[in-house]
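Okay, thanks for coming, everyone. Let me put the structure up and then walk through it.

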Amino acid sequence: MKSGPSWFNVTSLVLGFSFLYLPILLLVVFSFNESRLVTVWGGFSTKWYVELMKNQQLIDAAIITLKVAFLSASIATILGTMAALVLVRSGRFIGRSLFSGMIFAPLVMPEVILGLSLLLLFVAMDQARGFWTIILAHTTFTMCYVAVVVQSRLVGFDKSIEEAAEDLGCPPVRTFFLITLPIILPGVIAGWMLAFTLSLDDLVIASFTTGPGATTLPMKIYSQVRLGVTPEINAVCTILVALVTMGVIAASIATKRQQVQRERDERAAFGAAG
Amino acid sequence: MSTGTQDKPRRSAGGWLLIAMPFLWLMVFFLAPFFMVFKISFSEVAVAIPPYLPTFDLSDGLAGIKDAFSTFSFDNYIWLTEDDLYWKSYLSSVKIAAVSTLITLLVGYPVAYGMARSPKAWRPTLLMLIILPFWTSFLIRVYAWIGILKNEGLLNQFLLWTGLIDQPLIILNTNLAVYIGIVYSYLPFLVLPLYASLEKLDISLLEAASDLGCPPWKAFWKITLPLSIPGVIAGSFLVFIPAVGEFVIPDLLGGSNTLMIGKTLWVEFFSNRDWPVSSAVAVILLMILVIPIVLFQNQQQKAAEKQA
């Protein structure tokens with residue numbers, strides 16, 4: 001029983017991961033198709049990528065999307081990290097269960113409800129809709145993801161280091177920046193990246209909260225997809241998938257390296273102490 | 001040492017500020033909007049900007065609210081019960097979400113199990129491979145299936161080539177395509193919590209069972225499955241709740257007879273521009289989901305407290 005993974009386990013892993021990756025792989029392959037027909041292979045070509053570079057509307061949408069994602073992810077990371085600290089460190093206070101409810105609910109709340117409700121709020125506030133309302137909306141739902149990611153990092157954290165710093169007279173804000181933040185940084189970075197990609201990806205909430213002049217890339221892709229599958233969309237999607245994959249792999253290598261470094265430091269410290 | 005005395009009151013001003021900022025943000029941008037939806041759902045559609053009649057204004061004080069209550073219109077809700085489109089949408093959303101959750105569970109359990117039983121050295125890579133689709137666009141992943149499921153798509157081409165079928169299967173724009181889309185999109189959400197609970201499982205329990213002559217399938221049924229129930233529940237909620245209100249999948253993969261409430265709400269809002277009715281649809285959807293959402297939250301909170 002202990003002689004490596006059984007054939008059943010290997011089969012289910014192979015089937016499961018093929019199911020997850022085959023569709024994306026096919027999408028990428030057919031973005032290099034010479035033929036306009038997406039599903040018939042007509043030879044290798046990069047012409048659809050060249051075509052993309054000429055599509056000014058699409059490039060504008062991509063720029064708006066990146067700006068929205070960058071700003072909303074940054075605000076969400078600050079608020080989400082604060083929320084995680086509150087969840088793990090602040091103990092009991094009035095409204096705590098309301099607070100944690102508001103953190104967990106958006107994770108499962110259907111997007112149509114979030115989008116519609118925020119739109120009605122912006123209308124009631126007489127707020128002109130566009131770039132900034134998308135940022136507010138995205139910040140709100142992505143900060144909850146950041147909070148959950150950072151929280152899991154905070155839970156496995158040795159509190160005595162912080163207490164030592166405070167006993168030595170280090171003010172709380174400084175303790176946070178000198179001790180807490182460096183330790184939870186991988187979680188904070190992962191949270192920022194998750195917020196960034198969620199914002200990059202969002203169609204429904206952005207469609208509700210946008211106004212004239214602020215069309216994001218998913219909205220653009222969606223309106224074209226409704227007209228049919230084209231190699232250009234495959235090319236846009238391939239670029240997005242490639243960017244995100246590279247980002248995630250780079251981040252995970254960086255985190256791993258940091259972890260190895262920290263383990264080495266700890267071992268050295270214990271070695272010196274012993 | 002002055003900070004020591006300042007810390008005496010249990011929470012400093014900074015501590016309160018830490019709580020207040022995210023709290024207020026969520027109150028304004030998450031909780032308050034629900035009251036707006038609730039309010040507009042009692043309004044009437046109008047040819048105006050914004051396209052609904054005003055209901056009540058808090059600036060009128062209590063009298064104003066009382067006044068408004070007498071003119072409150074339940075028309076939208078009555079409308080929802082009279083037109084069977086909405087009933088059917090709700091029922092069919094819940095059904096599609098429940099069936100897809102079950103299929104996702106059947107597909108995801110062996111994957112999570114295989115991951116948890118794989119050699120330790122493989123696990124970080126496998127985990128990474130499960131997480132990676134989270135980061136790739138939802139829209140793109142749904143879009144990828146259109147090219148596969150179309151009548152002249154890759155799946156039909158493949159099946160025709162193998163000779164298994166001689167007529168292309170019609171899958172795109174049917175409920176079957178919606179099931180495939182939901183299972184595919186939400187699989188990682190189910191595998192992750194399930195893997196977490198399966199990985200924690202003490203393998204010596206299974207060894208003890210097998211030493212005592214328990215066949216593997218029985219050990220699975222008696223030990224592994226019951227111990228993985230928290231993961232099963234967390235994962236199922238993460239699939240079921242968002243799937244009920246799903247819009248993109250039924251819109252792109254489903255057909256004209258695929259009824260899902262997220263799509264109905266979208267059409268009501270963007271095509272018919274009937275904000276009050278779409279608000280009423282949202283209120284009822286929220287009422288349907290409130291029980292699973294509260295259960296999910298409690299479970300998350302309990303898990304978080306256990307960790308701490």
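Quick one to start: is A:Asp126 buried or exposed? A:Asp126 is exposed, with 7 other C-beta atoms within 10 Å. For burial, I call a residue buried if 20 or more other C-beta atoms lie within 10 Å of its own, exposed if 12 or fewer, and partly exposed in between, with C-beta atoms placed from the backbone.

Some housekeeping before going on. This is a predicted model, so local features need pLDDT of at least 70 and side-chain atom pairs count only at pLDDT 80 or more, while totals for chains, interfaces and linings use all residues. Residues are numbered from 1 along each chain as its sequence is written, and chains are lettered from A and ligands numbered from 1 in the order in which they are written.

Back to A:Asp126, then. It sits in the loop between helix 5 and helix 6 of chain A, where helices (H or I, at least four residues) and strands (E, at least two) are DSSP runs, numbered from the N terminus. As background, most residues other than glycine have a negative phi.

B:Asn173 counts as partly exposed, with 19 C-beta neighbours inside 10 Å.

Now chain A as a whole. The secondary structure comes to 11 helices and zero strands. Along the principal axes, the C-alpha atoms of chain A fill a box of roughly 70 × 65 × 35 Å. Of its 274 residues, 44% are buried. Take the contacts in chain A between residues at least 6 apart in sequence: 79% of them join residues at least 24 apart. By contact I mean two residues whose C-beta atoms, placed from the backbone, lie within 7 Å.

Next, a helix pair in chain A. Helix 3 and helix 8 of chain A pack at an angle of about 140 degrees, with their axes 8 Å apart. The axes are lines fitted to C-alpha atoms, for helices over the stretch in contact, and angles run from 0 to 180 degrees between N-to-C directions. That angle makes helix 3 of chain A oblique to helix 8 of chain A; under 35 degrees counts as roughly parallel, over 145 as roughly antiparallel, 65 to 115 as roughly perpendicular and the rest as oblique. Helix 3 of chain A passes helix 8 of chain A in a right-handed crossing, that is, the near helix is turned clockwise from the far one by less than a right angle, with anticlockwise being left-handed. Residues meeting there include A:Phe70 and A:Gly80 from helix 3 of chain A, and A:Gly191 and A:Trp192 from helix 8 of chain A.

By class, that contact has 10 nonpolar, seven polar and no charged residues. Here Ala, Val, Leu, Ile, Met, Phe, Trp, Tyr, Cys and Pro count as nonpolar, Asp, Glu, Lys and Arg as charged, and the others, Gly among them, as polar.

Over in chain B, helix 5 (residues 84-117) and helix 12 (residues 229-244) pack at about 145 degrees, with their axes 9 Å apart. The crossing of helix 5 and helix 12 of chain B is right-handed. The residues of this contact divide into nine nonpolar, seven polar and no charged. Helix 5 of chain B also holds B:Tyr109, which counts as buried with 22 C-beta neighbours inside 10 Å. The C-alpha atoms of B:Tyr109 and B:Leu190 are separated by 8.4 Å, though the two are 81 residues apart along the chain.

Last stop, helix 14 (residues 261-271) of chain B. Eight of its 11 residues are buried, so helix 14 of chain B is largely enclosed by the rest of the structure. Among the buried ones are B:Lys263 and B:Glu268. After helix 14 of chain B comes B:Arg273, whose phi is positive, near 50 degrees.
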